[in-house]
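Open the model in your viewer and keep the selection tool at hand. The stops below go one by one.

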Amino acid sequence: MKQSELISIAEDWFQSKEWKSFPFQKQTWKAFLEGKHGLLNAPTGSGKTYALWIPIVLQYLKENPDYKTKHRKGIKAIWITPLRALSVEIQQAAQRFADDLGTGMTIGIRTGDTSQSDRAKQKRQMPDLLITTPESLMLLLASKGYDKTFKTLTAIVVDEWHELLGSKRGVQMELALSRLKTVSPKLRIWGISATIGNLEEAQDVLLGMDPEFRKNSVLIKAKQKSKIEVRSIIPKKMETFPWRGHLGIHLLEEIVPIIKASKTTIIFTNTRGQCEIWFQKLLEKHPEFAGELAMHHGSIAKDTRLWVEQAIRNESLLAVVATSSLDLGVDFAPVETVIQIGGPKGVAKFLQRAGRSNHRPGEASVIYFLPTHALELLEASALKRAVKEEVVEDRTPYLLSFDVLIQYLVTLAVSEGFFATEIFPEIKNTFCFQGITEEQWNWCLNFITLGSQSLQAYDEYKKVEVTPEGLFKVESRRIAMMHRLSIGTIVSDSMMLVKYVSGGFIGTIEEWFISKMKPGDTFVFAGRTLELVRLRQMQAQVRKSNKRTRNIVSFMGGRLPLSSQMSKILREEMQSEADHKRNTPELKALSHIFDRQERESIVPGENEFLIETFKTREGYHSIFYPFEGRFVHEAMSSLLAYRISLLSPITFSLAYNDYGFELLSDQFLDIQTILDNNLFSEEYLYDDLQKSLNATELARRKFRDIAVISGMVFQGYPNKFIKTKHLQSNSQLLFDVFRDYEPNNLLYLQAYRETFEHQLEEGRLRLALERINKQEIIWKQCQKATPFSFPIITDRLREKLSSEKLADRIKRMTLLLEK
Amino acid sequence: MKKIQINTQNFTLHPSGAIYWEDQKMLLIADVHLGKVVHFRKYGAPVPATAAYQNFEKLTEVTNHFEPDTVCFLGDLFHSKLNEEWNDFEKWVEYCKAKVILISGNHDIIPNYLYEDLGVNVFDELLLDGFYLTHHPTELEEMFNFSGHIHPGIRMKGVGRQFLRLPCFYKTENQLILPAFGNFTGKHILTPSEKDEVYAIVEGEVFCVSKN
């Protein structure tokens, strides 16, 4: 069949459904049939699944003209999705087309939720299309005969590539692709990405460094400009609106009329804890919502999540309180309204959420923004501008993630084994490892075979062995099993299953939360009040309770930093305030806070850098306001604290938010010495930052996921209880041991590098310092906490830095006693 | 170092985590967890092998310092089954001039006869001059108890939101729990009551941080 004939098959099918294909879909079909690789830039709900699934089927028809009578076995394509929740949706769409054409093609799903028997079935006979996650694909590479299984592949589609790109799962994908390129000679590689600032780079990362793949590829952009309208919910009484906080509950009544006025509303929160609380409070204040209000977040049991998703489609729900678990993929036509609670911190995320509402062509998607504290209104004002100016952020890919590489190498050693000479060029061709040196490569091989760099006498280290032919192979079944279990470990706090005593799975919660409780204590989770009955083998067994409790389940982490694009706009909004323009409704509403700030300090203008100092019972506070976003403040606070600590012995506790940072000490800090010593200097920035990293705990925390991914810490697996107590250690302990005994270990060094490249963003810090050095520094000695300082000084998540001797410090400290 | 008196007997708390009982010329050491590093390596977790040697260096240092008649390990001397570190232990026992005894802990699964072959006597518990030596902390009214097992640590708080976690000797009215001696062990944070005495280990020194 000729290409035009194939395409008319697809066109006919579209017509039979009374749909019309979009130009980007046709473009993608053609490019695919011509054998090209590529990246498709298309938003959710635009028909992107059909853009790529259709040509995969057409290719099959082309190669098998007798497809109606004879089905040729073997896997044709893999569809990667970052979220398990999306797989059903894709399966249904794909199956519809395959069936209507009478191809007899099968579509299977393989994720962490897939049952053992289904997996075994798939192993015997792969479906034509396999929908799976990066982790499950890795697991397939860890099983024997994967090279034969994947030989027939014609395509791999990586959906939501922008989500994977800036994470280590993206690196996992790069490595898997590097192997598939070799074992599947007919492979086409395609990615689908929402709009990000660095689309071209995203394409390069996906395809790797081989010039052939790059040359033979296209970037297709779907032209679909949807209008988005942002409406802020402005409190009627600003005087009583709090200066800090992150829940936003006091504005609860404001959203009730919005919910009642529309068909289905998604209420997006930023954390799972916030989600639980909003759900609870809405029901408490408005019992009439019972039965029509649901909750959706990543820790709730899959069945419940699927039920909620289905209920949205059936239009049987009035509103859903959700987290980012509903950000992606699944298209919910009935959703009319979206409410965002608290700052979304990034423009892309905000746009994606806004896009979940109202898909009627020509009409704008409306998103309401509910601020959780006063200064967040400033963010609302900034967001509106960002949306208008179409600002988009970059996703930075990881480079030289040795932890993922080590995991991958052991994966290959677990299945078929590998020859170093064959794998090295493949690795070198990935974007992530393009810069790997021969020396680093050998280090990794030594690490998995010797557990160090030199053979020590009588060492019993055992992981990967090398046969006389040079094949790297895992022989021990136990090590193979432990490795397979750890591939899927998404790095998080230890999770515990929550189950009813009578059976029935409710969801997972972090271990630290449950460990604070005794049997008989009650807590609210997944919208239910539960009583803890007992803890048994990584399971919290509970029963329903009628007691009232304020103890709502909470989750660590999940604080998102402001992107650099957002912080710039935010700064500009703030500075327009210094000129008293107050030209948006949000800024007008903030008047009295700005007035108060000006009474007690100032609102810094474009050329001003504000520093406030004051004393409270807690000690001496020094607050700096660069308005550069959390990450830059994190870096700048430890840099500054480090430089000050060189002048004289002092101890700091550091706090930061998106507006500024605090150095808190038990000693008076003379800001003049900072200025006199030129401590905001850009000179020796790299060195000083590196040293300040040693002094704080940032790298130590980064080391946690490195230790887990590279297999140094075995966490066990949430639903499989294995006796591993004697093998449990924590990454903190390991970090110390490496620091003391093996400081040149690449994984240990990687913790520092990652903190540098992905968290501290040295480049952004340098620019910020340059800016500060051009500004006029205004030091205000205030009487008490100012409105701007309040959210920072009350933050409890803190970093510490000290140049004092511990022995001196403990003399001024007191022992924490039982209350 | 810190000298304390319990029931008119004299004890020295050493920053390594060991206690020297002067009247008995006995060195008490808890939770060394020998073999842990090698055990981890054997199961594919590449903890730096050199970390294993430091335990022996530390043991030698502290025995040379006090020159005791007896070294008494309060349990969890070995973390696991027999492995390479046993050979190093053998050498250390041979080198050590003092008599070595072990109060068995939950991790001590190496058969007793192997210890006995080295001349190391193994007990479940030991009564000595009105003192009761065990691995698990045991509260008795009539006797003072020395134990380990918990790996005790405490939290300190200071002005300016300062917090510190430190390993410690933890003494209540009738018992004293020793910190873990081994270098690849963790600590468990306790919240003392006002009556408890806490001796924290800070940069090679022992400080009393409680009011008592």
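How many residues of chain A are in contact with chain B, and how many of chain B with chain A? Select both sides: 45 residues of chain A touch 41 residues of chain B, a contact being two C-beta atoms, placed from the backbone, within 7 Å.

Before going on, note that this is a predicted model, where local features need pLDDT of at least 70, side-chain atom pairs count only at pLDDT 80 or more, and totals for chains, interfaces and linings use all residues. Residues are numbered from 1 along each chain as its sequence is written, while chains are lettered from A and ligands numbered from 1 in the order in which they are written.

**The chain A side.** Pick strand 24 (651–656), strand 25 (661–665), helix 29 (731–741), helix 33 (806–811) and strand 28 (814–815) of chain A; these elements each give two or more residues to the side that touches chain B. Helices (H or I, at least four residues) and strands (E, at least two) are DSSP runs, numbered from the N terminus. Helix 29 of chain A gives the most, with five residues. Colour that side by class: 20 residues are nonpolar, twelve polar and 13 charged. Here Ala, Val, Leu, Ile, Met, Phe, Trp, Tyr, Cys and Pro count as nonpolar, Asp, Glu, Lys and Arg as charged, and the others, Gly among them, as polar.

**Across the chains.** Now show strand 28 of chain A with strand 11 (residues 152–158) of chain B. They pair in the antiparallel sense over two bridges; pairing requires at least two DSSP bridges. Click Thr814(A): its bridge partner in strand 11 of chain B is Lys157(B).

**Zoom out.** Chain A as a whole has 33 helices and 28 strands.
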